[in-house]
Amino acid sequence: EPFKIDGDGMLRLERDLGVREEERKRLAGARALAERGLAGIEHMDGIEIDERLACAREGLERALKRERVLDAILETLDGARREISGFLAGKLPPLAGAYLSRITGGRYETLFVDPLTLRIETVPARGDADESRGAVPAPERVRPESVSQGARDQIYLAVRLALVELMSRGEPQPVFLDDPLVHFDPVRRERALDVVRGFAAKHQVVLFTCDPRYRETGGRLVELSSRA
């Protein structure tokens, strides 16, 4: 059955991998201990030694069998992780890039996702260079932590919206945003609000803020008093 791509499934997959890796380490230790015990009693004599030898061999066989089963489980889980990573690396960049381009007015419009680490990188538009001086050099990839706080928030907002689109598989989902535009300049704030409004036509968006400028953005407004 194809792997189901959803947020909870990804978290469970990562937890399972961690647990299985720890279990494999414990089994490796148990196997090494059994092998040392087996090597130590093979040179002894007597009925009791024979019984201990048979018991040690049986324990070693059980440990080896569990280790083989665990290796098969880890291989399957790792394959699932690669499947998910490959899916995101292929589907996420164009969708998130479209959101990012709308928010930044084309300043950033291309995203890259590493299929192994899911690390995000983006590329500034060529138009930022001075074309009058000759050939325009190809822009370099930049990571979110190397740009301003506002640009970083815009990248992550675009990625979050794209992830919801991919994981929802066409089903409406609730999305909670906690003052996501606080570091945006006025122009990009308006663009981002237009993106969020369009996104809210397909999904339920709950936006928390203490900024009164959001009053005119549309949707249902719920004001919470600061007094107890």
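Reader: Which helix holds D71?

Author: D71 has its place in helix α2, residues 47-104. The model is a predicted one, in which local features need pLDDT of at least 70, side-chain atom pairs count only at pLDDT 80 or more, and totals for chains, interfaces and linings use all residues. Residues are numbered from 1 along each chain as its sequence is written, and side-chain values use heavy atoms, with hydrogens and water left out.

Reader: Why is D71 called partly exposed?

Author: Its relative accessible area is 32%. Buried means under 20%, exposed means over 50%, and partly exposed is what lies in between, with a 1.4 Å probe and protein chains only. D71 falls in the middle class because its value is 32%.

Reader: What does L74 touch, leaving aside residues up to four places away in sequence?

Author: L74 touches L17, R20, E21 and R24; a contact means heavy atoms within 4.5 Å. D71 is 8.9 Å from R20, C-alpha to C-alpha, and the two are 51 residues apart in sequence.

Reader: How much of the whole chain counts as buried, and what share of its contacts joins residues at least 24 apart?

Author: Of the 228 residues, 32% count as buried. Among contacts between residues at least 6 apart in sequence, 64% join residues at least 24 apart.

Reader: How do you know that β1 and β2 pair, and in which sense?

Author: Two strands pair if DSSP finds at least two bridges between them. Strand β1 (residues 108-113) and β2 have five bridges and run in the antiparallel sense, so the pairing meets that rule of at least two. T110 stands opposite V123 in β2. The hairpin has six residues between the strands, and there L118 takes a positive phi near 60°.

Reader: Why is E121 called buried?

Author: E121 lies in strand β2, residues 120-124. E121 has a relative accessibility of 16%, so it counts as buried. Not counting residues up to four places away in sequence, E121 touches T110, L111, F112, R141, V142 and R143.

Reader: What makes β3, α4 and β4 a unit, and what is its hand?

Author: Together β3, helix α4 (residues 186-200) and β4 make a right-handed β-α-β unit. Right-handed means that, with the strands pointing away from the viewer, the path from the first strand over the helix to the second runs clockwise. Five bridges join β3 to β4 (residues 204-208), and the two run parallel. P174 has Q204 as its bridge partner in β4, while D178 has F208. Strand β3 (residues 174-178) has a covered face with V175 and L177, and an uncovered one with P174, F176 and D178.

Reader: What makes the phi of D179 stand out?

Author: D179 lies in the loop between β3 and α4. Its phi is near 45°, a positive value in a residue other than glycine. Most residues other than glycine have a negative phi. D179 also counts as buried, because its relative accessibility is 19%.

Reader: Which residues lie nearest the centre of the largest pocket, and which strand gives the most to its lining?

Author: Of the 24 lining residues, L207, T209, R220, L221 and V222 lie nearest the centre. β4 gives the most, with five residues, and α4 and β4 each supply at least two.

Methods
Helix = DSSP H or I, 4+ residues; strand = E, 2+ residues; numbered from the N terminus. 1 Å grid on protein atoms, 1.4 Å probe; cavity = no way out; pocket = protein on both sides within 12 Å on 5 of 7 lines; lining within 4 Å.
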